[in-house]
Amino acid sequence: MNFHETKMGNVFFNHQMPELIGALRQIAAALSKPAPAVIQLAETGEPDFLHNLFYGKYEPDIYGCVTVPSRLDQNLKEAEKALLPTLGQSQRLFEQYQTAVSERNSAIAEQSYCCGYRTAVQMIVSGLIALPPQAGGGPDEQ
């Protein structure tokens, strides 16, 4: 007895195979049509924006994303000028403390950047994937 003569063969050739061919045709049709991007990136004026961002060459001032650190920097410099003369012998210890805090803050900023970048990529990929329509209407109807 050949496979096509069995009940499983009959189901395979008469039902499963046509469904498989139909699914492959739908995939081919979907891949042949250019789909519009779900997410539109803001115009940055820089053609390699994503490339530069990925490789850590992102400079916020180039893309107009500058906050106002100059005022904050000025406040910090004034506070340091007032503090350093009062420290005397403790100035070396204070500088060690500043170095340790700076290293910690850099590590936290790097970790935050990595987490934010991962989240952004996941959100972009999620936005590019079309969800199938739900049967029965909205999420409230179940």
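Biologist: How many aromatic pairs does the structure hold?
Modeller: This is a predicted model, and it holds 5 aromatic pairs. One of them is Phe3 with Phe13: the ring centres are 6.0 Å apart and the planes are at 65 degrees, over the 60 needed, so the pair counts as edge-to-face.

Biologist: Which parts does that pair tie together?
Modeller: Phe3 is in the segment before helix 1 and Phe13 is in helix 1, so the pair links parts 10 residues apart in sequence.

Biologist: What happens at the start of helix 1?
Modeller: A side-chain oxygen of Thr6 comes to within 3.0 Å of the backbone nitrogen of Gly9.

Biologist: Where does helix 1 bend?
Modeller: At Gln16, by about 35 degrees, and Pro18 follows within four residues.

Biologist: How far apart are the end C-alpha atoms of helix 1?
Modeller: They are 36 Å apart.

Biologist: Changing topic, which residues make the nonpolar surface patch?
Modeller: Leu20, Leu24, Ile27 and Leu31 make a patch of about 420 Å². Leu24 is in helix 1.

Biologist: Why would residues three or four places apart point the same way?
Modeller: An α-helix has 3.6 residues a turn, so residues at that spacing point the same way.

Terms used
Residues numbered from 1 in each chain as written. Predicted model: local features only at pLDDT ≥ 70, side-chain atom pairs only at ≥ 80, totals over all residues. Heavy atoms only, no water. Helix = DSSP H or I, 4+ residues; strand = E, 2+ residues; numbered from the N terminus. Expected span 1.5 Å × (residues − 1). Bend = angle between axes of the 7 residues up to and from the residue. Polar contact = N/O pair within 3.5 Å; in protein donor to acceptor, adjacent residues only side chain to side chain. Patch = residues over 30% accessible without salt bridge, like charges linked within 9 Å, V, L, I, M, F, W, Y side chains within 5 Å. Areas by Shrake-Rupley, 256 points an atom, 1.4 Å probe, with all protein chains shown as cover. Salt bridge = Lys/Arg side-chain N within 4 Å of Asp/Glu carboxyl O. Phe/Tyr/Trp six-rings, centres within 6.5 Å; stacked < 30°, edge-to-face > 60°.
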